[in-house]
Amino acid sequence: MEIEPNWERINKVYRKCVGDQRRVQIFFGGASSGKSFFIAQRVVLDTMDGRNTLVLRNVARTIRGSSWNEVVKAITTSGALKYFAISKTEMLITCTLNGCQILFTGLDDVEKVKSLTPAKGVLTDIWIEEATEIARDDYKQLEKRLRGESRHPKRITMSFNPIFREHWLFKEFFGHWVDGSKEYRDEGLSILKTTYRDNRFLTEDDIKALEDETDPYYKAVYSDGNWGVLGDVIFRNWRSEDLTEFKQTADHIYYGLDFGFSSDPCAVVKLHYDKAHKRIYVLDEIYERGLTNTALAPILKEFVGNHYVTCDSAEPKSIKELQNMGIRAIGAKKGPDSIMHGIQWLQGHEIIIDTKCQHLRNEFQLYQWKKDKNGASMRVPEDRNQHGIDAIRYALESESTARYATTVQLKGL
Ligand SMILES: Nc1ncnc2c1ncn2[C@@H]1O[C@H](COP(=O)(O)OP(=O)(O)OP(=O)(O)O)[C@@H](O)[C@H]1O
Ligand SMILES: [Mg+2]
């Protein structure tokens with residue numbers, strides 16, 4: 001079926017990418033530049049045109065809140081809803097005109113990644129959303145998934161924020177990239193850099209937030225869409241590991257919670273603490289935006305059961321509400337220097353994060369010391385994107401302050 005896109009609905013900067021047949025296509029840049037939305041729009045058009053797309057993220061459970069919603073929104077706003085059958089339970093969208101499909105999964109669902117095939121024809125496209133989350137080896141494996149006969153050239157499309165220049169994606173694809181340019185194209189590769197200025201669908205508030213950014217790192221990466229240079233990262237003592245088996249026997253469990261609502265997520269963590277070996281295992285996480293305490297309570301109940309959960313004490317009202325709804329919520333004591341003390345205490349441990357805890361892995365990767373105006377590192381942590389890390393500090397407060405209290409006491413003697 002011949003599809004004529006509704007060009008008005010597509011941000012101008014992306015229009016020439018609609019028919020781009022290059023093998024590898026990279027859409028990178030600042031936050032809210034319309035990358036994901038455009039690719040979702042294109043996936044919808046492509047599906048009606050006979051392509052089958054696999055939409056991927058590193059961890060399956062992060063898809064529902066991101067690329068899944070974007071594709072569904074693109075279908076709805078394009079007026080094509082009548083041509084699609086949408087199954088959220090199967091994470092599968094089928095075009096009823098031609099039987100072509102959009103499939104969704106995470107790289108952590110190894111079996112599914114290997115076995116997923118469209119009902120009709122072969123996979124012609126893979127879209128890797130937030131591609132900086134994935135490892136190079138996984139990318140290489142994915143390339144091999146694009147095989148079999150099709151009238152459409154096979155493509156891999158990636159979207160991401162350029163979080164740091166040492167990333168394998170930079171080494172692999174940006175050899176000819178000129179800083180300051182907006183695009184690069186050769187026979188097999190196209191790269192397009194966009195920022196919020198390219199997205200005419202943003203609200204005044206969205207724009208203001210990005211323009212008012214003062215932190216040099218965040219401004220470079222998220223406002224201006226440039227490859228970031230990480231400053232002095234706070235934690236280097238962590239790694240991620242598949243803890244599926246380990247979880248069965250973990251028994252020294254702690255829970256922590258950092259409140260959030262609209263712009264900040266509410267973050268909850270489940271940890272195992274191995275005091276003898278000074279190891280902290282991060283077993284599970286919840287990150288949710290827009291939840292009232294009433295909506296949060298049942299999710300929390302399932303996560304923590306009857307265990308205590310140590311919460312940010314800046315919200316006594318929320319703690320009280322959660323208690324009234326049957327959650328054993330307690331407030332962290334905090335106290336002077338608690339942030340610095342908590343960070344130093346965590347730095348003295350080995351931190352092992354389950355591979356499925358993608359949000360925490362992202363936080364640990366980027367959490368850094370603030371810089372002064374000359375670029376020198378200050379002993380003050382950035383106050384952003386550390387929701388899960390704060391929750392970890394709260395969860396283990398009883399352990400960390402026990403030792404702290406002793407030291408203070410001894411000093412006082
Ligand atoms: N063509 C469009 N029509 C309507 N809304 C759009 C369009 N393009 C983008 N938007 C809206 O603009 C906002 C930001 O777009 P989007 O999420 O695609 O940005 P992004 O570049 O993927 O950002 P990030 O780097 O943060 O993931 C979203 O709320 C999205 O719905
Ligand atoms: Mg996006």
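Phe 104 is buried, with a relative accessible area of 2%; buried means under 20% relative accessible area, exposed over 50% and partly exposed in between, with a 1.4 Å probe and protein chains only. This is a predicted model, in which local features need pLDDT of at least 70, side-chain atom pairs count only at pLDDT 80 or more, and totals for chains, interfaces and linings use all residues. Residues are numbered from 1 along each chain as its sequence is written, chains are lettered from A and ligands numbered from 1 in the order in which they are written, and side-chain values use heavy atoms, with hydrogens and water left out.

**Aromatic pairs**

Rings of Phe, Tyr and Trp (its six-membered ring) pair if their centres lie within 6.5 Å; planes under 30 degrees apart count as stacked, over 60 as edge-to-face and the rest as tilted. The count by this rule is 24 aromatic pairs. Two of these topics are set out in the table.

| Pair | Centre to centre | Angle between planes | Class |
|---|---|---|---|
| Phe 28 and Phe 174 | 5.1 Å | 90° | edge-to-face |
| Trp 68 and Phe 104 | 4.9 Å | 65° | edge-to-face |

Phe 28 belongs to strand 1 (residues 24-29), while Phe 174 sits in the loop between helix 5 (168-173) and strand 8 (183-185), so their pair ties together parts that are 146 residues apart in sequence. Helices (H or I, at least four residues) and strands (E, at least two) are DSSP runs, numbered from the N terminus. Both Phe 28 and Phe 174 are buried. Ring pairs also link these two residues with Phe 160, Phe 170, Trp 177 and Trp 227 into a cluster.

In the other pair, Trp 68 lies in helix 2 (residues 64-77) and Phe 104 in strand 5 (residues 101-106), so parts that are 36 residues apart in sequence are tied together. Trp 68 is buried, with a relative accessible area of 2%.

An open sheet is formed by 7 strands in the order 10-16-13-12-11-14-15, with mixed pairing. Two strands pair if DSSP finds at least two bridges between them. Strand 10 (238-241) and strand 15 (328-331) stand at the edges with a single partner strand each, so one side of each has no neighbour in the sheet. From one strand to the next, the twist averages 30°.

Strand 12 (residues 266-274) pairs with strand 13 (residues 279-288) in the antiparallel sense over 9 bridges. Leu 271 stands opposite Val 282 in strand 13. Helix 10 (residues 316-324) packs on the sheet and touches strand 14 (308-311) and strand 15, its direction making about 160° with that of strand 15. Contact means heavy atoms within 4.5 Å. Helix 12 (residues 358-366) also packs on the sheet, touching strand 10, strand 12, strand 13 and strand 16 (350-354), and its direction makes about 110° with that of strand 13.

**Helix 12 and helix 13**

Helix 12 packs against helix 13 (residues 387-395) at an angle of about 95°, with the axes 8 Å apart. Axes are lines fitted to C-alpha atoms, for helices over the stretch in contact, and angles run from 0 to 180 degrees between N-to-C directions. Helix 12 is therefore roughly perpendicular to helix 13; angles of 65 to 115 degrees count as roughly perpendicular, under 35 as roughly parallel, over 145 as roughly antiparallel and the rest as oblique. Leu 360, Glu 363 and Phe 364 of helix 12 meet His 387, Gly 388, Ile 389 and Ile 392 of helix 13.
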